[in-house]
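Please follow the explanation below with the sequence and the coordinates at hand.

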Amino acid sequence: MATKNPAGSGSRLKSDTSAGVSRWQDRVLELARALHARPEIAFQETESAAAITELLTEGGFTVERGTGGLPTAFTATAGSGELTVALCVEYDALPEVGHACGHNLIAGASVAAALALAPYVDELGITLKAIGTPAEEHGGGKALLLEAGAFDGVGLALMVHPVQDGVGYNPAGSTAQAVGRYRAVFRGRAAHAAAAPHQGVNAADAATLSQVAVGLLRQQLPGDQRVALFVSEGGVATNIIPERAVVDFECRAFTLPEYEALLERVRRCFEGAALATGAELTVEATEPLYEPLVQDDALAGFWTSAMAAFGRDVTSGDRLAGGSTDMGNISQVIPSLHPWLSIPGADAPIHSHAFAAVADTSLAYDMMFEAARALAWTVVDAAGHAEHRPRFVAAAYRRDVRKEAVER
C-alpha cells in the first residue's frame, strides 16, 4: 500500500504540525509543570498518567489505561493506517531528587507531538500511538510492555531525552549502555557479639569484602564499563553478629557480550566474599535487563534535518559517556529514535537536584516544544519517504521475532 502522503505535502504538513504544537502549547506546558511539581516514582505515577491521558483524550485519542497489566501504563491511539508509529511517553521521577532526569520534559515533548500529529494521521497513512511507559528509572517499564504486547505492530518508535548543555544534537551513531540490576543476599549465623562471636557467621563481613573486591576490580575494568553498589541491609544491633546482609548492585557496558563478561567478574567478587566468611550467597535480578540503544540512521537523519532548520548545530559533537534506558530494548527490535536534547546553559548533570531545577525553567520548556516539533517533523518525513516507509511498515514488531531469529 502506497503512502497517503502525496509528494510535496511534507512541507505543508510540517507547517501544520508546527502550528499544532503552538495550539496545544499552553495545555502541555501546564501538564509538564504539574508533573514536575508532583514527582512520582516508578510504578506509582498514578496522578501523572491520569493527567496525561486526560489531555490525550481531549485531543481525540482513544485511550486504554493499564496497558500490559501495568496500572500506570497507557496506550492512546489515533488513526488506522498501515504504518504504526509509537511516541513513548515517560513520566516517572527519581527518589528524593524528583524530575532530575527531565521526564516531565520527555512527556511534554511526546504529548505535544502526538496532539499536533493527530489531525493528520489519515493523510499520513499512520496509526499513531502515544504509549505511556512507566518506571524507566527503575523497573524497565518498556521491557515489560514489549513482552506484554504493547508494541506489537509498531514499525517505528520515538522519544527524546533532555540533558545538560554540550551534548550534540545529532543522534546518529549515539548509544546507551546495557544495565542489569541485582540483589546479593548473604546469610550467616547470628550470635552474641561479646559472649560468643566465634559461634557466628558475619554476613556483614561478607558484604564488606564484596565491596572491597569490586573496588579493586575497577582498576582492571575498561574505562567505559561501570559497576555501582550499596549495602541496603547490614545488621540490626551492635551486640548481634549480623546474620543477613544485602548488597544491591548494577553493571553497565556498551555491548551485551561485554556486559555478560563484566557481570561474571562481579559475581565472582560476591562468591569470593561468601567463601571467605562462610556465608551463603544468593544473587537475583531485581529488574529487567536494559539493552544497548540503537539509533535508526534514517530517523536520525530526519531529526537532524529538523534541528538544523531550527538553527541548531548538528555537526557530530560530544556524546554522553554513560547512562542507560529501557528504550534500548525497544530499539533492538523496532527502528527507533532517542536523541539527546541539550538544554543551552544547563551545566548541571542529570540525576542531580540542580538538573531537577533546570527541568522546570522557561528555557527547558522552550526546548521541549522545539523537540515536539522535531518529533512531529520526523514522523512526517518517515511516513512520506518512498524508500523508508515500506521498511518501517515491514518492521512491524511481533513478539516472536527473537524466537524466530534463534530458530533460523
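In this predicted model, helices α1 and α12 cross with a right-handed sense. Helix α1 spans residues 10-23, and its axis comes within 9 Å of that of α12, at a crossing angle of roughly 150°. Because angles over 145 degrees count as roughly antiparallel, α1 is described as roughly antiparallel to α12.

The contact draws on both helices. From α1 come Gly-10, Leu-13, Lys-14, Thr-17, Ser-18, Val-21 and Ser-22. Helix α12 contributes Phe-369, Ala-372, Arg-373, Ala-376, Trp-377, Val-380 and Asp-381. Sorted by class, the residues of this contact comprise 7 nonpolar, 4 polar and 3 charged.

The structure holds 2 cavities of 30 Å³ or more, and the second largest cavity has a volume of about 40 Å³. Which elements give two or more residues to the lining of this second largest cavity? They are α4, covering residues 103-117, and α12, covering residues 362-384.

The residues that line the second largest cavity are Leu-105, Ile-106, Ala-109, Val-160, Pro-162, Leu-341, Ala-364, Met-367 and Met-368. By class, this lining has 9 nonpolar residues, with no polar and no charged ones. The contact of α1 with α12, by comparison, includes 4 polar and 3 charged residues beside its 7 nonpolar ones.

Note on methods: Residues are numbered from 1 along each chain as its sequence is written. This is a predicted model: local features need pLDDT of at least 70, side-chain atom pairs count only at pLDDT 80 or more; totals for chains, interfaces and linings use all residues. Side-chain values use heavy atoms; hydrogens and water are left out. On a 1 Å grid over the protein atoms alone, a cavity is a set of points where a 1.4 Å probe fits but cannot get out, and a pocket is an open set with protein on both sides within 12 Å along at least five of seven lines; lining residues have an atom within 4 Å of a point. Grid points are joined across faces, edges and corners, and a volume is the space filled by probe spheres set on the points. Helices (H or I, at least four residues) and strands (E, at least two) are DSSP runs, numbered from the N terminus. Ala, Val, Leu, Ile, Met, Phe, Trp, Tyr, Cys and Pro count as nonpolar, Asp, Glu, Lys and Arg as charged, and the others, Gly among them, as polar. Axes are lines fitted to C-alpha atoms, for helices over the stretch in contact, and angles run from 0 to 180 degrees between N-to-C directions. Angles under 35 degrees count as roughly parallel, over 145 as roughly antiparallel, 65 to 115 as roughly perpendicular and the rest as oblique. A crossing is left-handed if the near helix is turned anticlockwise from the far one by less than a right angle, and right-handed if clockwise. Contact means heavy atoms within 4.5 Å.
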